[in-house]
Amino acid sequence: MDYLTLLQVLDSTVRLATPLLLACLAGLFSERAGIFDIGLEGKMLMAAFFSAAVASVTGSVWLGLLAGIASSMVLSGIHGLASITFRGNQLISGVAINFLAAGLTVLIAQHWFSQGGRTPSLMGGGRFTDITLPFADALSGVPILGPTYAELISGHSILVYVAFACVPLTWWMLYRTRFGLRLRAVGEAPEAVDTAGVSVIGLRYAAVAICGLLCGIAGAYLATGLQAGFVKDMTAGRGYIALAALIFAKWRPWYALSACLLFGLLQAVALRYQNIDLGGFIIPVQVMDALPYILTVVILAGFVGKAIPPRAGGEPYVKER
Amino acid sequence: MDKMPAWADAFLVPLISLILAALLSALVILAIGESPTEALKLMVEGALMRSAGWGYTLYYATNFIFTGLAVSVAFHARMFNIGGEGQATLGGLGVALVCLYLPWPHWSLALIGASLGAAAFGALWALIPAWLQAKRGSHIVITTIMFNFIAAALLNYVLVNLLKPAGAMDPASATFPDATHLPTFQQMFSTADNPLFRGAPANISFFLALIACVAVWLLIWRTRLGYEIRALGHSESAARYAGISPVRIIVIAMLISGGLSGLMAVNTTMGESERLLMNATEGAGFIGIAVALMGRNHPFGVLLAALLFGFLYQGGAELALWTSIPRELIVVIQALVILFTGALDNMVRMPLERLFLLLRRTPKGPAE
């Protein structure tokens, strides 16, 4: 494998890791506040459809992005209503949201566009175009560094850079602001937050809203950045991989970045090579598909570093009387 | 003491939730420019007015009974088994191996063998998540989700690399031998001058599902093990104090749950396709969640809910055939049912409780 091939694999790793990363950080905000969210998949799918649909009708990808975020946040609102206000089962609510998105997207797509549950292909201003960073062309002659800069770092859509910027931003918000401290506290000991006179319900709704926002960007990237338009079930389990990455990262932002890059790399390799031949021993492509999930189970089992979720996760908060 | 009488809890709450879900579904149909009454009429005609329609409805219902029972057995132990999909996938593999590699003289023996194979493989797929939950505290929801994906990859590998007959294009196993073909309803109930269930996939495994309903009812409410499962579900600390081992009960309850999910494959793989296909489960594992929630985890409730979803599935297929409403409408209805009967349960329950309290407080008439 020559250097250019390696760069191409890494380049597609970055592209494929982006939606995972955004969804993973979305889950991180929600779960750190004590709201389990297995509805990441559904929110991404909903956002993917609405961003592609609005972008194809208006021709503006930015309006599409807004629509995607809005639709994802509506689903977040339903999740919040069920799991915060009505103290329902957060897991069941997440399952319902995934189905709601899977069904509604196709239903509305068929009604609006009549193309078998997909949107028309996006062209021109309907897509996020790749950005060439300054000096990419000038430096491309420099050995090793030049192609790396031009291929790997430069030439992605704006949302990729947004996703990567979200990692330090999330870290800063969670660990260096008052809001972040309270958010983490509400996932560990909501009664303590309540005693301090801070609204548990308000904080949890805020966390769920941020989750919706990030899932919205993730979905919009899928439909308008990574691909050109919405197709049925286009998230293809990415929400669950993001969930796996979140556990793999033990609910921490920088670890989330490395977990998503790892899972992105697995996807990129599985996409490029079908079966990998390691000197007579063949790794079937299915192993690459299953590896994120297997790794997550191993981590969950606690054989390699235990993953301990936020203590109040999944528990609706009931004020004591 | 109770805020609500038992009948209201068991029937009124799910009924109101269901009506809410139905109203919203009607709104969805209106929103995409179709008439809800016309749609309902088409669905009823397609699913219930002809025996062939019933044949499909009962075929789907058979799947949902198995997966619904699976979810509800786990729910009784306060486990959320979201891995029915993976367990049913593995169950299919069990059925295929039993049917393909063992010589069966008659379908009745093959049915027993395949059921054992399906249940064993399904239970095995639930064993690792169960053990991890019981021993290591790994959240069963996450591990069973992961195992769904691992099962899909495993089946993909087995079909493409091992079971696919040489030269075949589609990833599917060879067709099972004739001796293992299960009698369909058409063969069982049709007479020469009165053909019934023509072409429908419903088969004898429907009765297997009914037996499973009775068996689960006996298990949960009439055996010591069932008592232990329910005790653990109500309170782990109390169960532990009573000398019940949570590890043992969690593992056993999940094995039963996985086995029931696996049994679904007898209906799809052995009864219908008669060979192992890539995506034979078609999401039935997830519908089990809706069925269990709606059936309030009681086998009789599961049976009714499974019939309703069987009707929705067949009716949805009819809609997709005759109108421009895609099949995904059913997924939306399913989501709304899960949302209202599962997650938003308190939204219906809280006002009802208040209503009943209010009724109780009002002074009784002079006759008393």
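1. A word on terms before we start: two residues are in contact here when they have heavy atoms within 4.5 Å of each other. With that in hand, and bearing in mind that this is a predicted model, the meeting of the two chains takes in 45 residues from chain B and 41 residues from chain A.

2. How much area do chain B and chain A bury between them? The figure is about 3600 Å², and 82% of it is on carbon and sulfur atoms.

3. On the polar side of this interface, five residue pairs are in polar contact between chain B and chain A, counting pairs with both residues at pLDDT 80 or more. The elements of chain B that each give two or more residues to the side touching chain A are α1 (6-31), α5 (107-136), α6 (140-163), α12 (284-294), α14 (328-343) and α15 (345-361). Of these, α6(B) provides the largest share, with 13 residues. Sorted by class, the side of chain B that touches chain A has 33 nonpolar, ten polar and two charged residues.

4. Within chain A, have a look at A:Lys43 and A:Asp37, a salt bridge with its closest N and O atoms 2.7 Å apart. Are these two residues buried or exposed? A:Lys43 counts as buried because its relative accessibility is 0%, and A:Asp37 is also buried, at 1%.

5. Chain B has a salt bridge between B:Arg275 and B:Asp170, with the closest N and O atoms 3.6 Å apart. B:Arg275 sits in the loop between α11 (246-273) and α12 of chain B, and B:Asp170 in the loop between α6 and α7 (185-189) of that chain, so the pair ties together parts 105 residues apart in sequence. B:Arg275 is partly exposed, with a relative accessible area of 26%, and B:Asp170 is partly exposed at 38%.

6. B:Glu236 counts as partly exposed, at 38% relative accessibility.

7. Finally, a network of salt bridges links B:Arg224, B:Glu228 and B:Arg248.

Conventions. Residues numbered from 1 in each chain as written. Chains lettered and ligands numbered in written order. Predicted model: local features only at pLDDT ≥ 70, side-chain atom pairs only at ≥ 80, totals over all residues. Heavy atoms only, no water. Buried area = accessible area lost by both parts, 1.4 Å probe. Polar contact = N/O pair within 3.5 Å; in protein donor to acceptor, adjacent residues only side chain to side chain. Helix = DSSP H or I, 4+ residues; strand = E, 2+ residues; numbered from the N terminus. Nonpolar A, V, L, I, M, F, W, Y, C, P; charged D, E, K, R; others polar. Salt bridge = Lys/Arg side-chain N within 4 Å of Asp/Glu carboxyl O. Buried < 20%, exposed > 50% of the residue type's maximum accessible area, 1.4 Å probe, protein only.
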